[in-house]
Amino acid sequence: MRPMEQRTILVTGATDGLGRALAADLAARGATVLVHGRDDRRGHDTLEEIRAAVPAARLHWYRADLASLDEVRELAQAVSADHKDLDTLVNNAGIGTTVPGGGVRQESADGHELRFAVNYLAGYLLTRLLLPVLRESAPSRIVNVSSLGQAPIDFGDVMLAAGYSGVRAYCQSKLAQVMFTVDLAEELAGTGVTVNALHPATYMPTKMVATPVSELREGVEATSRLVTDPELDEVSGRFFDGLRPSQALEQAYDAEARARLRELSENLSKARPAAD
């Protein structure tokens, strides 16, 4: 890949927690960082904070609510129009098991179960829409911030209309991210675009977590490694637990299940794979 000073990296969910710390880390390394969030005030606060620590930081702000697929499309359009090169896409944005909404089932602007929509489907669509610029920028990378908290997808009730729980919704969405990672890696083999997923660290001090276990720096180190480490240039379709290779739930490696998820995702998002 190109030197860090020549790279452009989009980090979604970059106004809080891991995303904010990762954006600062990548800016300090010299990359141009595209900072995404859903609140303009928090976005500008984030840019000011990073620039206070890294005066030479090259930052660009993009606002989009990933609970709306129309806003995901607008985000992809804006990034593609503004930047002819995109070296890395970090799909980090997500919501936890109970925040927002407590334990009540919620729906996105498009009528999809909220955690599936924000944690998985938005990243799926954004990735699909940005694939042309990622391919043109190859070698390039896609990093999906997932979790060890995973649950199999019940294709008879993906939106959890029956038996909803926030934990199940969150864990299902995180497995969907890994399934997409494995599936997309096979599709992109030989293109120079790699895609990997990771569990960055356990219960980091973010707004999702009431009782932290790991330090934020551990998650930043693990995620930044997937973005920057030259030893991972040819690695794709893998799931990492922090710095270590790991395995997701069995369903992630089930080709039939991945095909069902792909078809569902295309139908829900109205996305289609980019042409070769």
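A: Let's start with V72, which lies in helix α3. Before going on, note that this is a predicted model, in which local features need pLDDT of at least 70 and side-chain atom pairs count only at pLDDT 80 or more, while totals for chains, interfaces and linings use all residues. Residues are numbered from 1 along each chain as its sequence is written, and side-chain values use heavy atoms, with hydrogens and water left out. As for the labels, helices (H or I, at least four residues) and strands (E, at least two) are DSSP runs, numbered from the N terminus.

Is V72 buried or exposed? V72 has a relative accessible area of 0%, so it counts as buried. The cut-offs go like this: buried is under 20% relative accessible area, exposed is over 50%, and partly exposed is in between, using a 1.4 Å probe and protein chains only.

Who sits around V72? Setting aside its neighbours within four places in sequence, V72 is in contact with L66, A122, L125 and L126. Contact here means heavy atoms within 4.5 Å. Take L126: V72 and L126 are 54 residues apart along the chain, yet their C-alpha atoms are separated by 6.1 Å.

Now zoom out to the helices. α3 packs with helix α4 (residues 114-136) at an angle of about 30°, and their axes are 9 Å apart. That angle makes the two helices, α3 and α4, roughly parallel. In these terms, under 35 degrees is roughly parallel, over 145 is roughly antiparallel, 65 to 115 is roughly perpendicular, and the rest is oblique. The axes are lines fitted to C-alpha atoms, for helices over the stretch in contact, and angles run from 0 to 180 degrees between N-to-C directions. The crossing of α3 and α4 is right-handed. For handedness, look at whether the near helix is turned from the far one anticlockwise by less than a right angle (left-handed) or clockwise (right-handed).

On the α3 side, L69, V72, R73, L75, A76, V79 and S80 make the contact, and on the α4 side it is L121, A122, L125, L126, L129 and L130. Sorted by class, the residues of this contact of α3 with α4 are 11 nonpolar, 1 polar and 1 charged. In this sorting, Ala, Val, Leu, Ile, Met, Phe, Trp, Tyr, Cys and Pro are nonpolar, Asp, Glu, Lys and Arg are charged, and the others, Gly among them, are polar.

Next comes the sheet. It is open, has 8 strands in the order β3-β2-β1-β4-β5-β6-β7-β8, and its pairing is mixed. Its edge strands are β3 (58-63) and β8 (244-246), each pairing on one side only. On average, neighbouring strands of this sheet are turned by 25° against each other, direction ignored. Two strands pair if DSSP finds at least two bridges between them. As a general point, strands of a sheet pair through backbone hydrogen bonds, either parallel or antiparallel.

One example is V35, whose bridge partner in β3 is W61. Our helix α3 (residues 69-82) packs on the sheet, touching β1 (8-11), β2 and β3, and its direction makes about 150° with that of β3. Helix α6 (residues 216-228) packs on the sheet too, touching β1, β4 (88-91), β5 (140-145), β6 (193-199) and β7 (239-241), with its direction at about 155° to that of β5.

Let's stay with β4. β1 and β4 pair in the parallel sense over 3 bridges, and in β4 the bridge partner of V11 is V90. β4 and β5 also pair in the parallel sense, over 4 bridges, with L89 standing opposite I142 in β5. T88 and V90 point one way from β4, L89 and N91 point the other way, and all are buried.

N91 links back to where we began. At 5% relative accessibility, N91 counts as buried. Not counting residues up to four places away in sequence, N91 touches T12, G123, L126, T127, I142, V143, N144, V145 and Q177. L126 is one of these, and L126 is also in contact with V72.
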